[in-house]
Amino acid sequence: MTQAIERQINELTLKELSLDAAKLWEQIEEATDSEEEGEVKELISKLVSVQNGIETKIDAIAWVVDQLKLDLETWEERKQRTVELHDKVISRRKTQLEQIKRTLIYLHEIGLIPEKNIGKDRVIEIRDNPPKVADLLIEVDDADFPDEFKSIEYKPNNKAILSAYKAGCDISHIAQITVGKQVRFKVTSLRKN
């Protein structure tokens with residue numbers, strides 16, 4: 001018996017099973033060349049056992065992936081509910097903070113409190129914000145809008161670069177394209193014999 005059969009197939013990793021299957025195929029090819037029929041039958045029997053082990057291992061890995069995906073979905077849902085709860089509290093606190101600030105500004109505007117309000121340990125100051133452009137009176141694309149006040153922003157069009165790459169254009173002088181790998185887990189609809 002080979003080492004693969006001596007060890008429990010269930011204890012082997014998918015990598016180990018695949019390596020054992022490859023070794024058995026090599027042994028079958030060598031035995032076929034020398035026409036040792038009994039040895040070939042034994043090797044084929046071992047190969048079938050290893051192949052069954054590989055199929056079982058693949059199903060087990062896919063099952064674990066399904067369980068992990070389900071677990072992730074559950075935790076993502078819990079996280080979303082927690083985030084929603086915290087967002088409500090944060091929103092309420094922001095509203096309360098803004099109400100206090102608006103009230104203080106209103107009290108200052110009607111003259112009930114000064115710009116600087118001194119407590120025992122703290123100071124509340126009412127100050128002007130930095131100036132900001134509220135509304136443009138002329139549209140940016142209008143001919144009368146001065147060029148020195150226009151902002152031009154360039155950024156790469158990645159979709160166009162990828163389209164050119166997929167179309168077979170040489171874009172190596174413009175961008176480096178990388179293609180990663182992904183693993184897909186599918187359910188077989190028909191069992192292959």
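What pattern does the chain follow, read along the sequence? The answer is α-α-α-β-β-α. That comes to four helices and two strands, where helices (H or I, at least four residues) and strands (E, at least two) are DSSP runs numbered from the N terminus.

Residues are numbered from 1 along each chain as its sequence is written, and side-chain values use heavy atoms, with hydrogens and water left out.

**Confidence and overall picture**

The predictor's confidence in each residue, pLDDT, runs from 0 to 100. Its average over the chain is 84, and 89% of the residues score at least 70. Residues 1-6 are a stretch to treat with care: pLDDT stays under 50 there, and the model has 12 contacts for them beyond four places in sequence. Contact here means heavy atoms within 4.5 Å. Where pLDDT is low, the predicted coordinates should not be read in detail.

Of the 193 residues of the chain, 13% count as buried. The terms work like this: buried means under 20% relative accessible area, exposed means over 50%, and partly exposed lies in between (1.4 Å probe, protein chains only). The chain exposes about 17,900 Å², and carbon and sulfur atoms supply 53% of that area; accessible areas come from the Shrake-Rupley method with a 1.4 Å probe, and for residues only the protein chains shown count as cover. Among contacts between residues at least 6 apart in sequence, 36% join residues at least 24 apart.

**Salt bridges**

How many salt bridges does the structure hold? There are four, each being a side-chain nitrogen of Lys or Arg within 4 Å of a carboxyl oxygen of Asp or Glu. Among them are these:

| Pair | N to O distance |
|---|---|
| Arg 81 and Glu 77 | 2.9 Å |
| Glu 98 and Lys 101 | 4.0 Å |
| Arg 127 and Glu 125 | 3.4 Å |

Arg 81 and Glu 77 are four residues apart in helix 3 (residues 37-109), so about one helical turn separates them. Arg 81 is partly exposed, with a relative accessible area of 47%. Glu 98 and Lys 101 also both lie in helix 3, three residues apart, about one turn of the helix. Glu 98 counts as partly exposed at 36%, and Lys 101 does too at 42%. In the remaining table row, Arg 127 is exposed at 67% relative accessible area, whereas Glu 125 is partly exposed at 41%.

**A buried asparagine and a surface patch**

Is Asn 117 buried or exposed? Asn 117 is buried because its relative accessible area is 18%. Asn 117 lies in strand 1 (residues 116-118), and its side chain reaches the backbone oxygen of Pro 114 at 3.0 Å. Leaving aside residues up to four places away in sequence, Asn 117 touches Arg 122, Val 123, Ile 124 and Ile 126.

On the surface, Ile 61, Val 183 and Phe 185 form a nonpolar patch with about 270 Å² of accessible area together. Patches are made of residues with over 30% relative accessible area and no salt bridge, with like charges joined within 9 Å and nonpolar side chains (Val, Leu, Ile, Met, Phe, Trp, Tyr) within 5 Å. Phe 185 is found in the segment after helix 4 (158-166), and at 36% relative accessibility Phe 185 counts as partly exposed.

Technical notes
Predicted model: local features only at pLDDT ≥ 70, side-chain atom pairs only at ≥ 80, totals over all residues. Polar contact = N/O pair within 3.5 Å; in protein donor to acceptor, adjacent residues only side chain to side chain.
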